[in-house]
Amino acid sequence: MEQLGFAIAVLCLIALCIYVLCKALQPAKHITRRDGTPNDEKSTLSDPYHDIEPLRNFDWSTTEPIKIRPFKPKYHLTMALEHCPLSELVAIDNTYLERMQIRKSVMDQHPKETYQCYEPCVPAVMEMYEWIFGTYLPRRFPTMYRLFDSSYIPADTKSTASFLYNIPAGKYIALRAATAEEALYTLGYHVDDDILILLPLSTAPDGLPIYHLQAYVCCFPSGFRTDEKISLPLASIHSPVPGYKAKLEKSMDKFFAKLELGKAVRRVNWSITTNDLLYSQGGNHLYSGGKMDSGVSAETSSSSKPVGGGNAKTLDVDAPDVEQKIEQQKKDVVVENCRLRCERQTLHRLPNTKALVFMFKTYQYKLEDLKAEGSGPELAEAIPGLGQGSVPDMAFYKRGVVWGDKVVEYLRS
Ligand code: HEM
């Protein structure tokens, strides 16, 4: 009996050894990405584009816009990028429906200026569209967006495609767009972020790829014309920005070339505008070196219906009568109309096309609200600080020489 027990124990041990050996010899499991390519990164047993953390109890209607207060006593020009979980790419708040209406209205009035796609970027636009509507939004905001199989769609839509339902807006979104333009328009309407897509189309002397703007939906440009930026490389896009060439160009090109799949970064910026226009093609900057934009500003106020109209507030600081013009513009500043304007910017790479996607959401804050919350002294210190940091010309570029005195006086009063 004892021998039988011993034999059973030995057999069990042998079986266990065989099991362990088989397990060890099994090929390692690779999780595949959605495009079918294996994901070999050791640390990620999952797909970061798919594993979006849901905000299960999110109520957009009671969520206040985030408060961005990035000002420092002195302005130093750096990339100032920080890690951003892919899940946090899009921020939504109680301005969502109002913003949707403004975005639609701006796109309808200024189609070429607000959305465009060059041929090589069509696959990237489609990839962005399908990911945002098919994966990101319904996973991140399940209380706002719901995926529907075609069988649930009212018969009169006459489509066999699957849809995403935007609950607050009461609108269905097809998960496949017919054209890149349609895709950009729908993204521009349903997502309160401006989206600029870049492809590597030239090469630096060191062999690194240089990224060029190839597609965009940009409803809220802060004083620039996106249609004049398309096709340009990063450096030329930023040519009006003082200090960019000396302080940012190299590190930016390198960073863009090397940004890994599944990673995202974010940064914020700030300026003061002398109006509350979200769509502004000119007037927020003073340029140096003979570069002047057209100064056109056909505009949409957040509080009023879209209106067109010229805006001659963009100046070349090298023009002979610039001092006189600045003095004139200073007189025109009405402090109650001024806004602190900030952008929450993100950058990530699409997994299939490997295109880079730059997104930004625009926030506007009334100066009286900043004062009421106690941020007045900090902002009042940062305004002269624009001209005291690593790139003193920032005070001109951001037009601080025009609005600075009145805004500081108001903030300190
Ligand atoms: C993520 C890295 C980036 C950094 C660090 C950066 C930095 C800057 C800075 C410092 C400015 C001056 C205004 C401000 O304070 O923000 C600026 C302006 C601008 N940036 Fe960027 N930028 C980045 C990415 C991009 C990308 C990817 C695009 C477009 C594809 C872009 C388009 C622009 C435009 C259109 C302006 C206005 C230029 C003008 O006045 O005409 N930026 N950027």
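Author: With terms. On a 1 Å grid over the protein atoms alone, a pocket is an open set of points with protein on both sides within 12 Å along at least five of seven lines, and its lining residues have an atom within 4 Å of a point. Keep in mind that this model is predicted.

Reader: Which residues lie nearest the centre of the second largest pocket?
Author: Pro-70, Lys-72, Thr-78, Ala-80 and Val-268 do, out of 18 lining residues. The volume of this second largest pocket is about 400 Å³. Strand β8 (residues 264-273) supplies the largest share of its lining, five residues. The lining has nine nonpolar, three polar and six charged residues.

Reader: And what is the volume of the largest pocket?
Author: About 510 Å³. It has 22 lining residues, and Pro-65, Thr-95, Gln-364, Tyr-365 and Lys-366 are the closest to its centre.

Reader: Which elements build the lining of the largest pocket?
Author: α2, β12 (356-366) and α9 (367-373) each give at least two residues. The largest share, six residues, is from β12.

Reader: How should I think about enclosed space?
Author: Rolling a probe the size of a water molecule over the atoms shows where empty space is left. In a cavity, the probe fits but cannot get out.

Reader: How many cavities of 30 Å³ or more does the structure hold?
Author: Two. The largest cavity has a volume of about 900 Å³. Of its 40 lining residues, His-238, Arg-267, Asn-269, Gln-345 and Phe-358 are the closest to the centre. Elements giving two or more residues to this lining are β6 (194-203), α6, α7, β8, β11 (339-349), β12 and α11 (394-397). β8 gives the most, six residues.

Reader: What is the make-up of that lining by class?
Author: The largest cavity is lined by 24 nonpolar, ten polar and six charged residues.

Reader: Next, helix packing. What should I keep in mind about a helix?
Author: An α-helix has 3.6 residues a turn, so residues three or four places apart point the same way. Now take a pair. Helix α2 (residues 96-109) and helix α5 (residues 180-190) pack at an angle of about 145 degrees, and their axes are 7 Å apart.

Reader: Which residues meet between α2 and α5?
Author: From α2, they are Tyr-96, Met-100, Gln-101, Arg-103, Lys-104, Met-107 and Asp-108. From α5, they are Tyr-185, Gly-188, Tyr-189 and His-190. The contact has five nonpolar, three polar and three charged residues.

Reader: Is α5 mostly covered or mostly open?
Author: Mostly covered, with nine of its eleven residues buried. Among them are Ala-180, Ala-183, Leu-184 and Leu-187. Tyr-185, Gly-188, Tyr-189 and His-190 are buried too.

Reader: One last residue. Is Val-402 buried or exposed?
Author: Under 20% relative accessible area counts as buried. Val-402 has 1%, so it is buried. Val-402 belongs to helix α12 (residues 400-412).

Reader: What does Val-402 touch, beyond residues up to four places away in sequence?
Author: Leu-286, Ile-326, Gln-329, Lys-330 and Val-333. Val-333 is 69 residues from Val-402 along the chain, yet their C-alpha atoms are separated by 7.7 Å.

Definitions and conventions
Residues are numbered from 1 along each chain as its sequence is written. This is a predicted model: local features need pLDDT of at least 70, side-chain atom pairs count only at pLDDT 80 or more; totals for chains, interfaces and linings use all residues. Side-chain values use heavy atoms; hydrogens and water are left out. Axes are lines fitted to C-alpha atoms, for helices over the stretch in contact, and angles run from 0 to 180 degrees between N-to-C directions. Helices (H or I, at least four residues) and strands (E, at least two) are DSSP runs, numbered from the N terminus. Contact means heavy atoms within 4.5 Å. Ala, Val, Leu, Ile, Met, Phe, Trp, Tyr, Cys and Pro count as nonpolar, Asp, Glu, Lys and Arg as charged, and the others, Gly among them, as polar. On a 1 Å grid over the protein atoms alone, a cavity is a set of points where a 1.4 Å probe fits but cannot get out, and a pocket is an open set with protein on both sides within 12 Å along at least five of seven lines; lining residues have an atom within 4 Å of a point. Grid points are joined across faces, edges and corners, and a volume is the space filled by probe spheres set on the points. Buried means under 20% relative accessible area, exposed over 50%, partly exposed in between (1.4 Å probe, protein chains only).
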